[in-house]
Each structure stands twice: as structure tokens, then as C-alpha cells.
Amino acid sequence: MKVGALLTSAGINIGLCILFLSFYSVLRKQPQNVKVYFGRRIAEQHKRLRGAFILERFVPSPSWIVRSLQCTEDEIVSTAGLDAVVFNRVLVFSIRIFSLAAILCLFGVLPLNYFGQDMQHEQIPSASLETFTIGNMKEKSIWLWVHCVVLYIISGVACFLLYMEYKHIARLRLLHLVRTTTNRSQFTVLVRGIPKSTHESFNSAVESFFTSYHAPSYLSHQVVYKVGKLQKIVTGAKKVYRKFKHFKGTTVDQTCRSVTYRCCLCGVSSNSFQLLPTEEQEREKPCVKNSNLNLPAEECAAAFVFFKTRYAALIVSKILQTSNPMKWVTSLAPEPKDMYWSNLWLPYKQLWIRRIATLLGSIVFMFIFLVPVTFIQGLTQLEQLQQRLPFLKGLLKGKIMTQLVTGYLPSVILQIFLYTVPPTMMMFATLEGPISHSERKKSACCKVLYFTIWNVFFVNVLSGSAINQLNALSRPKDIPMELARAIPLQATFFTTYVLTSGWASLSSEVMQLFGLIWNFVRKYILRMKEDSDFILSFPYHTELPKVLLFGLLGFTCSVLAPLILPFLLLYFFLAYIVYRNQFINVYCTRYDTGGLYWPIAYNATIFSLVLTQIICLGVFGLKESPVAAGFTVPLIIITLLFNQYCRMRLLPLFGTFPAQVLIDMDREDEQSGRMDEIHEGLHAAYCQSTDTESADDISLERVQAISTTDEDGSGSSGEPRGKESVGQPVSDLSHPTLKGLPVERLRRAVRSLGFMIRLQKRGVSA
């Protein structure tokens, strides 16, 4: 690839970034997009924006950048959780280490690479990018020791920064534990694999087991029930109806009429829902109350066991309960809002089969993905592409077309194919049987990370240097040397990949294209009302692997092909601003792992460092520099020893909680009198009863819809245009619906389902 092709790709992506960021600066000021760009803040504040015309709304401004940079770490913890801080610290670490690497490599290594051969250099736009890599160095060159020294400096500073970040995040994790004094999951143990007995139920078995072996600390328990599909429908309908009861006694517009606009798709006018007379509403309310059903539920071999102290729950969750490790399996329960209830019904003995099946499915999916990757790499090699497809020779003669095909098109196509990876890995993670949403997303994050490292890095390197040498994957002993030969050649593709997958994806992230399109369709085509619950959580399983992959590219190419570092450093700076803005304004944190994403990031960084050192060892061997190669071996050993020290010193803090901290928290709660209150709320936190309002049932504020009239006296079917009453909250509802659901249809659904179930219980055919 020529420098001109790289500049073409950079110019296209820079233009797209500037265009998207300018659009974002304008679109975020429009009232109709407030749910897209300020979803989290609107969900908390429930404020109403006016639609007045203001010129400042249509002028791009950098105020959002300033606000993002001014946000402190404590604000991120309070608004987005500890996982957001971990993600932010990964970006901070990347900015620091690659700033140093850019200074050392651009001014120390890059000139040596460029003048490594005695050759006539062309003008820079026409020069090949390979002349800026270590592949342009002479064999047995005395200047290779500079590369070795730079490698030592980068590795040493990276290890020091990693250790400091590890200590900082471990301290934040302990503070997070101490601050969550009312977290019921710290007193709760999830028991799975309860042995089935014909003489007693699971409920009796749990009570007899824990009163026999953990009597001093045992408090109570709650068996998990398997809820059928019909019962789920009834429960969901009752939950929504309970939300409507918050509006009891409120004033709504009684003159709901047909709306004046027509549907944009079919042209048919829609009708508003009509209110029932008050007498009929009151007469039908007992029917809904009478639909409370006590259906016999099926007990599962799982239960929540509550203990008197946090320390007792921790001890029970870590020890082996019986001589059979497959029975009475205990672990600390996730937070109630983090529970993935449907997977609790899976038999514990079935989980290992599911893990093996998902592992095999992931491997098969990885190898299927080799087909598009091999095709994409063919686009970077015009000679082989023209030999295989002769009809392209005339099309690829133009200079601009050649630069587009080799510099921009491959990374774009690869990025399109990669969009299918996160949903697929999330499906595999769900099939494994995780018991919490955070565990499922963390598992998907690891799978996406392994997939991207394998397919984007290794497969591109080993198959991209020569399409006909795919058999290199079948020779594991030759892989280090193949990497040493191929990475300098493939550094050009990785540079364009950073431009396309990095810069352009950040622009798309801040623009929220899918959310913007859906918001337009929902408002102006489907004519749906505001949905305050439709707020996304941050996709760690897609964004964290991408950042770690760019870190791998930065480490492996820093010494071998340093021209990638300016583009990579600019990506991390832009990502630092964009993601902080998204955490503050857009995404809503529903559950938090307590910083458990940091070990994933740490392991990926250590892997990147060791892989870089092994590749440099192979390159020094190919360049016949025994001194540089000899000094690289101790560096690999030192890095592995550092990794082992961190695993012994800091990693255990992420696997469990310190007993010292838990005992101090228990004593403080007992002295302050909070312990009894915590014990009373344990059953309600993990309640699965259909007649009790669940923990995730969002309570809504009482609102008052104001009836307004137009100038001609007719009722308004659009937004209320009357003045807001002072001191009274105003709703966006102009007819008795909440989030597009009619009250009358909801009542009828509950009554019908209740009637069907009563008939089924009596043995009468419906």
C-alpha cells in the first residue's frame, strides 16, 4: 500500500468524523431528540423541554466536550457505576502509554526504519508504507539495539502504569463494597443442585439442611419457582396495571377525539382511546382484583438462603457443602435487579454440557468467519486480486479507485461483518446458563475479545501476507516467525482499520444513529408517545474488546511499524471524550459488576505485551541481531514474573471480599441498629411471588394531564399548549394512555386470562 492510499483513507474518515460530530452538536440541542442523547438524565429528572425556536440550537458548539472533560471520577461512579470508571481508566492508561510510545518511536525508531536501506527514496505520497517499518532495516544492522531499548522502555512503563491502575481500581472496589451497606445480595447465598427427594419438598430440604449445618448464622430461605408462560403473561399484565393505579384520582382529558394527522405509511387516520364512564370503571375494578390467582407453581432445585451477617454468607458461599461437589452448590447471589431468573430453572448438572456446546459453537463461528477475512485481505493485494479476477484490471487502473480499494474498502467491509459478532456471542453467553445479566455480558465480552483478537489480528496477519499460505495456521511452531515476517507488512491494513473501525465508530457512537432513526420512526411514522423506560445500558461487550484490540495493535506495531501510533493516539483521545459524554448523558446503569471488567483488560494488556516481545524476538532473529534478540528474552521473563506478582497481590480482591471489611461492616450495622431493617427486606428483595410487586417494578410519579383547547374551542389531540400550573407536575399525556397501552384493553386482558385459568383449574374445556 502506498502512502497516498493511507492518506485517502485518513481523509475520508476525518471528514466523516467532523461531519458526524458537527451533526451531533446540533442534533443534541433539538427537543425531539432529548430521549436519544439525554436518556439517562431525563429518566432521573423527568423534566419537560419547550419547543421554542432558538438560533443557538442550530449552531455547532464544543460545550459537550468541555462538560465531558470537567466530569470527575466520583461523578462517573455515582452516575454510571464502577464499571464505567474501569472503562475510563483503560482509556487513560492507553493514552499515557501510547503517548510515550509515539514520542520514542516517531523520533527514534521511524527515521531508522526509513533510512534503513541504501536506496533512492521516492516522494512520501508515492512511497510504500513498508519503508517506514522495521522490514526496511538491513540485516545485522547495528541500529537494531535502538529498537530493543525502546521496547524495554515501553514494557517497563506499561508494567508500572498497569500496577498503579490495578491498585487504584482495587481500592475503588473496596470503597464500592463499603458504600453499599444496604445491598441485600451480601447476605444472600444462592444454592443450586438441591438433591431431589420423594419424601420431602425442596423447601423442606433446604430448611433441614441449613438448620442442621449452619444453624448459628442461618436466617431464612426462599425457594425458586418455575413460572409458566401463561403465569408470566398474567404477572406482566398485573404489573402494568399496578403502574396505572398510581394515576388514581388524577385529571385527564375527557374529550379524546380523532387526531387530525394521518399515518405517514398508509394514510389512515388513527383514533385516540376513549375513557370509560366513571361508574363503569369503578364497577370493573373488583374484577381485576378478583383475578389474583394462587396457581400451584413448580419448585426448582435452587433457593435463596439468607444469613444474619455478611461474613457468614461469604463463608457458606465459598466452602464445599457435601462430598459430592455437584450437590448443594453455593455462591453469593447477584443483586436482585441483576438476576437472570429464567436460567435459575436450568438443572445445575446440565451447565457443563452447555458450556462445552457454546465453546464448540464459538470455535465453529470463528472458522466460518475466515471466509470474509480472506476475501478482505485479497483487496489489499491488487496483484493477486487481478490474477484471480482478470475483469478488474481495467477498473483498477485509476489511481483514485486503487487507493479506495486498497486503503478504505477492506476495513469497511471487515467492520460490516464484525457487526454480526456481538449479538452472536451474546446468544452463546446466554445459552451457557449465567444467573445474572452482568455475568452474561461479561462472558459475551470475553468471547468477543477472543474472537476479534483471533480474526482481526492473527488471521489477518497469517493469511493476509500471502493468501495462498493459509496452511501457516496448521504449523504452530512456525507461527512466531510468520508473525515476525507478516506484521510489518500488515501494519498498513491495521492503520486503515484504526481509521475506519476507530474514528468512524466513535462518530457513529456519539451520533447514536440507530437511536436517532428509531426516535424519528417512533415519533413521526408510528406516532408513538414518549417511552421513558427505553434507555440503553452501556454495551461493554462490544466497546471494551474494541479498545483492547486497539491496544494490542498499538503494542505490536509500536516498534515494528510506528506510523500507526499518531492515528491510534488520536482515537484514544477522542474515545476518552466521547465515552465520558455517553456515560454522563446517554446510558443508564441497571447493574454493575463492581469492577470485574478490569481483570479482563489487565490480562489482555499483559498478553499484548508478551506477544509484542515474542514478535520482536522473532524479528531480531530474522535480522540476524543476536544482541537485540538475547536481551529480549530476559524482558519476556520479567514481564511474566510481574504478571504473577499482580495475580498474587491484587487479583484475589476481585474474586471475593475481604473478611476484615465484611466483619467491620456487620459490627457497624449491629451497633447502629440497621441490621434488623436489612433482615426484614431480604425476602422482599428476592420475592418471586406474582401477587407482590417485584423489585424491578418501577414506581411512577403522579402526573396531571391538563385538558387544553384550541383557539376555535375544539379539544387538542396533540401536545398541551396551555400554561403549566405553578408547583404542579405536567404530563405529556393528552389521553388516558401510558406508553401507548390503553387501560381498558389491559383490564380485559387480565380478566380473560384469569377466566381461562380458572376454567382450566376446574377441568372445564375453554
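The value called pLDDT is the predictor's confidence in each residue, from 0 to 100. It matters here since this is a predicted model, in which local features need pLDDT of at least 70, side-chain atom pairs count only at pLDDT 80 or more, and totals for chains, interfaces and linings use all residues. Residues are numbered from 1 along each chain as its sequence is written, and side-chain values use heavy atoms, with hydrogens and water left out.

The protein chain has a mean pLDDT of 75, and 64% of its residues reach 70 or more. Two stretches call for a careful eye. Over residues 246-261 pLDDT stays under 50, and the model has 44 contacts for them beyond four places in sequence, a contact being heavy atoms within 4.5 Å. Residues 46-53 also stay under 50, with 16 contacts beyond four places in sequence.

Turning to the overall picture, the protein chain contains 29 helices and six strands. Both kinds of element are DSSP runs numbered from the N terminus (helices: H or I, at least four residues; strands: E, at least two). Of the 766 residues, 50% count as buried; buried means under 20% relative accessible area, exposed means over 50%, and partly exposed lies in between (1.4 Å probe, protein chains only). When contacts between residues at least 6 apart in sequence are considered, 83% join residues at least 24 apart. The chain exposes about 37100 Å², of which carbon and sulfur atoms supply 62%. Such areas come from the Shrake-Rupley method with a 1.4 Å probe, and for residues only the protein chains shown count as cover.

Five bridges join strand 1 to strand 3 (residues 298-307) in an antiparallel arrangement, with Leu190 opposite Phe304. Four bridges link strand 1 with strand 4 (residues 329-332), again antiparallel, and there Leu190 stands opposite Ser331.

Gln613 is buried, because its relative accessible area is 0%. Leaving aside residues up to four places away in sequence, Gln613 touches Leu151, Ser155, Thr632, Leu635, Ile636 and Thr639. The C-alpha atoms of Gln613 and Leu635 are 7.6 Å apart, although 22 residues separate the two in sequence.

Two residues in loops have a positive phi without being glycine. Trp328, with phi of about 55°, sits in the loop between helix 11 (310-318) and strand 4. Trp328 counts as buried because its relative accessibility is 8%. Glu624, with phi near 55°, belongs to the loop between helix 23 and helix 24 (626-649). Glu624 is partly exposed, with a relative accessible area of 38%.

On the surface, Met326, Trp352, Ile353, Ile356, Leu359, Leu360, Ile363 and Phe367 form a nonpolar patch with about 770 Å² of accessible area together. Patches are made of residues with over 30% relative accessible area and no salt bridge; like charges are joined within 9 Å and nonpolar side chains (Val, Leu, Ile, Met, Phe, Trp, Tyr) within 5 Å. A salt bridge is a side-chain nitrogen of Lys or Arg within 4 Å of a carboxyl oxygen of Asp or Glu. Ile353 lies in helix 12 (residues 351-368) and is partly exposed, at 45% relative accessible area.

Technical notes. Pairing = 2+ DSSP bridges.
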